[in-house]
Amino acid sequence: MNLKGIVKYKELLIGMVVGLCAIAYLIGSMFIRRTTIVALGAEFMPQVYGFILLGLSALQVIVGINAAKKYEPKKEPTDSTEKPDNKSVFITFGLILLYVASMKILGYTISSILFLFSLTYVLTPVGKKKNYRTMIIFSVVLPLITSYLFRNVMHLGLPIGFLGI
Amino acid sequence: MLESFIIGAQAVITPMGIGMIIFGVTLGIIFGSIPGLSATMALALFLPITYSMNPIAGITLLVSLYIGGISGGLISAILTRIPGTPSSIATCFDGYPMTEKGEGAKALGVGIVFSFIGTLLSTIALIFISPWLANIAIQFGSYEYFAVAIFSMTMMAGLSGKSIVKGLMSGMFGAMFATVGMDSIGSVRRYTFGSSEMMSGFSILPVLIGLFAIAEILITAERAKHLKDVKPIEVDIKNIKGFGFSLKEFFEQKWNCLISTFVGLGIGILPGIGGGVANVLNYGVIKNKSKHPEKFGTGIIDGLVASEASNNAAIGGALVPLLALGIPGDTVTAMLLGGLTIQGISPGPLMFIQNVDVVYSIFITMILGSIAMLLIEFYGLRGFVALLKIPKYYLLPAIFVFCVIGAFGINNRIFDVWTVLLFGTMGYFFNKMEIPASPFILGFIIGPMAEINLRRGLMFSQGSFMPFITSPVAVFFLVGAVISLTFSIVSQYKRNKREELSCSN
């Protein structure tokens, strides 16, 4: 299915995905241990939520079918600045993943320095000259200050890496 | 009450307390004024700072951030036509045209003064309503609380925006995620997948930070590459008298202000709906009541007063259900709920007995915070305008780092940071699929409340459902729930029909 197809069937797809989530959740509720301590067991509410969500997903599928029937393609924005830049979102998300994953190994300070520099680099608008000096100062100073403040002044724990910082 | 006030005042009116108010309001205004940042983000960012503070100092900071954050949105709305927060969407309608006409300083003055009045009046209402409501709520048992929870859950339909089905789906997802972990009554594991970290479930703060702050960062990242520098229209505030408008103009707005405050307060009190809805809805109300509705949108102060008085009045309103019932009025109060819980305080009727100092320090903070907002926002305007120019590509990464600190600091575990990421991704996809995120939070907070009270109630009644439908209070709320849901469905149906008709024409 191409992008136009996805847009046309977007509402229907939402209904189907949510329906699958509801089914998975309901299957999960069957593995909850049954107890006789109280009138209603721990599985009761998950089952209620699961069935309500399943019902809602069915409604959404109906809405989606109607929406697909009435679908009229919209004009795509000609100006590139109006289009969402998915590449930046993917890179941002990838950097965030790397940042969180590396925090246990590198510690808060070093992983934050690397993360701040990389994300600032990625998000700098097209046509804007990258000011590396400011970027480096910003990326180094912020983690150092926050690390000192939170660890020593506010006595809050932050991840410590193999270098001990 | 007077004694409680004195206790609250003694706790807040200290160098530390006043410092927190000034610091919080100033930062809140900064967050509110920069488009893409919000009061919710400000609270997410500063929550970790409050962990090591005493409860009153921490909550003073958070409430001050809230007041500043809601009001700050008017600066960019008036000067750049970009609402700083959803609470100031309607401020753009008349604020920016006034600036274009050369009345920018007057627009800012009107916005700031009526923001102040809205906050102050709603605080007075909060002071009287919340203890009264808490006094009633303290007599509630499981049956009544279950009914209140169901009533609050039906509010998800009202929060749904274009589609009730999507809003309810979002709310159900919230309730479902809240079931993860150890069941609070029978201590049975649910959806933990054998992970010991999942046993305590998802903490509210990482969920909130993820859903609102991280998702917002990803959304802004979509356009970051093409973001142009913000160029606010220059406004000369040096040579204006007072706040830029006459006493006659002020008194002409008295009824508008009162109605707007009343509407904002009412919307704020309803669980889950905040300033974001209040300002747009009230703008319509005032426009329809006006003798000259055609002038709305051309740059008249009536529209500005309608938006600013109502969105700020929603602050006091949103705190009513939070303090009296433990149910947040909007996403920012959900953050406040998290902040209070971290400090070991459970909002609800018992708070008025066990933590009376905290309750009244919130009231005092709101009064002092609104005065601070009036002065700081007007006299520090130049500085805030300059801050509008801070590049997003520095701000967003910095905010994320603070969110990580906040998430990690809750339990000192990376698991919470992953939770932030999970819910951030979810929030982003919700945004793409036009599924509102606010009902999710409502479901996440109220779902467990409904479950615990239903099961506890059944334990008391030995498995009988009868007390749930014979308790007058429970019946009142259950009938309210049915009415609220029916009303939402009917209004949605009418709206869809109207849209279809306008499309076919």
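Biologist: Where is the place of Asn412(B) in chain B?

Modeller: In this predicted model, Asn412(B) sits in the loop that joins helix H18 (392-411) to helix H19 (414-432) of chain B.

Biologist: What makes Leu485(B) buried?

Modeller: The cut-off for a buried residue is 20 or more other C-beta atoms within 10 Å. Leu485(B) has 20 such atoms, so it is buried. The residue belongs to helix H22 (residues 472-504) of chain B.

Biologist: Why is Tyr191(B) called partly exposed?

Modeller: The term covers counts between the two limits, that is, between 12 or fewer for exposed and 20 or more for buried. Tyr191(B) has 18 other C-beta atoms within 10 Å, so it is partly exposed. It lies in the loop between strand E2 (189-190) and helix H9 (204-224) of chain B. Its phi is positive, about 50°, although Tyr191(B) is not a glycine.

Biologist: How do you know whether Phe193(B) counts as buried or exposed?

Modeller: The limit for exposed is 12 or fewer C-beta neighbours. Phe193(B) has 9 inside 10 Å, and therefore it counts as exposed. Phe193(B) is also found in the loop between E2 and H9 of chain B, and its phi is positive too, about 50°, although it is not a glycine.

Biologist: How do you know whether the radius of gyration of chain B agrees with that of a compact globule?

Modeller: For 505 residues, a compact globule would have a radius of gyration near 23 Å; chain B has 22 Å, so the two agree. Along its principal axes, the C-alpha trace of chain B spans about 70 × 55 × 50 Å. Buried residues make up 63% of the 505 residues in chain B. Among contacts in chain B with a separation of 6 or more, 79% join residues 24 or more positions apart. Chain B contains 22 helices and 2 strands.

Biologist: How do you know that the reach of helix H11 (residues 254-269) of chain B is close to the expected one?

Modeller: The expected span is 1.5 Å times one less than the number of residues. Helix H11 of chain B has 16 residues, for which 22 Å is expected, and its first and last C-alpha atoms are 22 Å apart. Several residues of H11(B) are buried, including Asn256(B), Cys257(B), Val263(B), Leu265(B) and Ile269(B).

Biologist: Which residues of the largest nonpolar core touch the most other members?

Modeller: The core has 208 residues, and those that touch the most other members are Leu43(B), Ala44(B), Tyr66(B), Leu208(B), Ile399(B) and Cys403(B). Helix H6 (residues 104-137) of chain B contributes the largest share, 17 residues.

Biologist: Why is this core said to lie between domain 1 (3-70) and domain 2 (86-153) of chain A?

Modeller: Both domains give residues to the core, and therefore it lies between them. The centres of these two domains of chain A, taken over C-alpha atoms, are 38 Å apart. As for Tyr66(B), apart from residues up to four places away in sequence, it touches Gly28(B), Ala39(B), Leu43(B), Ile315(B), Val332(B) and Leu336(B).

Biologist: How many helices and strands does chain A have?

Modeller: Chain A has 5 helices and 0 strands. Buried residues make up 30% of its 165 residues. Of the contacts in chain A with a separation of 6 or more, 66% are between residues 24 or more positions apart.

Biologist: How many residues does the contact take from chain A and from chain B?

Modeller: The contact takes 52 residues from chain A and 48 residues from chain B. On the chain A side, helix H2 (10-29), helix H3 (44-69), helix H4 (86-123) and helix H5 (132-153) each supply at least two residues. H4(A) gives the most to that side, with 14 residues. By class, the side of chain A that touches chain B has 37 nonpolar, 12 polar and 3 charged residues.

Technical notes. Residues numbered from 1 in each chain as written. Chains lettered and ligands numbered in written order. Predicted model: local features only at pLDDT ≥ 70, side-chain atom pairs only at ≥ 80, totals over all residues. Contact = placed C-beta atoms within 7 Å. Helix = DSSP H or I, 4+ residues; strand = E, 2+ residues; numbered from the N terminus. Nonpolar A, V, L, I, M, F, W, Y, C, P; charged D, E, K, R; others polar. Rg over C-alpha atoms; globule rule 2.2 N^0.38 Å. Core = buried A, V, L, I, M, F, W, Y, C linked by C-beta atoms within 7 Å. Domains from an automatic or database assignment.
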